[in-house]
Amino acid sequence: MNKWLGIDPGLATVGWAVLEEVPHKPPHLIDYGIIETHKSFPTPQRLAELEEDLATLIAEFKPTCVVLEMPFFSRQIKAAGSVLQAVGIINLVCFREAGIIPIQLHQSSWKAHLGNGRADKEEVATMLKNLFDLPSLPVDDSVDAIGIGYAGLCGLTNNIK
């Protein structure tokens with residue numbers, strides 16, 4: 001069975017979630033959380049911290065597939081450069097540690113798998129609580145990572161069959 005690592009990239013906070021494919025059943029949510037880097041540290045140090053933490057996640061959960069959100073930026077976003085550097089580190093670590101080339105989904109694409117391509121974080125959390133029959137979910141970047149992983153798993157599974 002495939003294990004999917006969903007990632008919501010960023011430099012300050014990276015959301016992650018691990019889901020497992022279950023034949024003839026909805027996927028199983030194994031675990032989720034966030035990786036936070038220290039905002040007072042210089043960018044290279046934060047990227048190194050992200051690299052180390054992501055390598056640890058991959059070693060622990062041994063995903064067979066990785067899906068991440070490809071960020072979209074307007075001209076007003078100051079953090080675009082650092083987020084794209086984080087995406088580069090994520091790609092590097094996934095390939096180096098597991099030989100995986102991550103699948104990249106745009107935000108509206110993965111949210112559409114949950115029923116609304118324009119859903120906000122609170123709406124995504126509500127959809128995922130219902131989908132996975134969870135009592136609660138934090139409204140943070142891990143929620144988006146669960147949705148990203150779910151969309152990757154469902155989208156590719158449906159395309160294969």
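Reply: Helices (H or I, at least four residues) and strands (E, at least two) are DSSP runs, numbered from the N terminus. This is a predicted model, in which local features need pLDDT of at least 70 and side-chain atom pairs count only at pLDDT 80 or more, while totals for chains, interfaces and linings use all residues. Residues are numbered from 1 along each chain as its sequence is written, and side-chain values use heavy atoms, with hydrogens and water left out.

Me: What does the pLDDT of the protein chain average, and where is confidence lowest?

Reply: Where pLDDT is low, the predicted coordinates should not be read in detail; pLDDT is the predictor's confidence in each residue, from 0 to 100. The protein chain averages 89, and 91% of the residues score at least 70. Confidence is lowest in helix H3 (residues 107-112), with a mean of 78, and highest in H1, at 98.

Me: At what angle do helix H1 and helix H2 pack?

Reply: Two packed helices are described by the angle between their axes and the distance between the axes. Axes are lines fitted to C-alpha atoms, for helices over the stretch in contact, and angles run from 0 to 180 degrees between N-to-C directions. Here H1 (residues 43-61) and H2 (residues 80-98) pack at about 35°, their axes lying 9 Å apart.

Me: Which residues form the largest nonpolar core?

Reply: A nonpolar core is a set of buried (under 20% relative accessible area, 1.4 Å probe, protein chains only; exposed is over 50%, partly exposed in between) Ala, Val, Leu, Ile, Met, Phe, Trp, Tyr and Cys residues joined through side-chain atoms within 4.5 Å. The largest one has 24 residues, and those with the most contacts inside it are Leu 5, Ile 7, Trp 16, Leu 50, Leu 54 and Ile 90. Strand E1 (3-8), E2, H1, strand E4 (65-69) and H2 each supply at least two residues of this core, the largest share, seven residues, coming from H1. Apart from it lies another core, of 23 residues, among them Trp 4, Leu 29, Cys 65 and Phe 132.

Me: Where is His 24 found, and is its side buried or exposed?

Reply: His 24 is found in the loop between strand E2 (13-20) and strand E3 (28-36); its phi is near 60°, a positive value in a residue other than glycine, and His 24 is exposed, with a relative accessible area of 82%. Asp 133, in the loop between helix H4 (121-131) and helix H5 (141-160), has a phi near 50°, also positive in a residue other than glycine, and counts as exposed at 68% relative accessibility.
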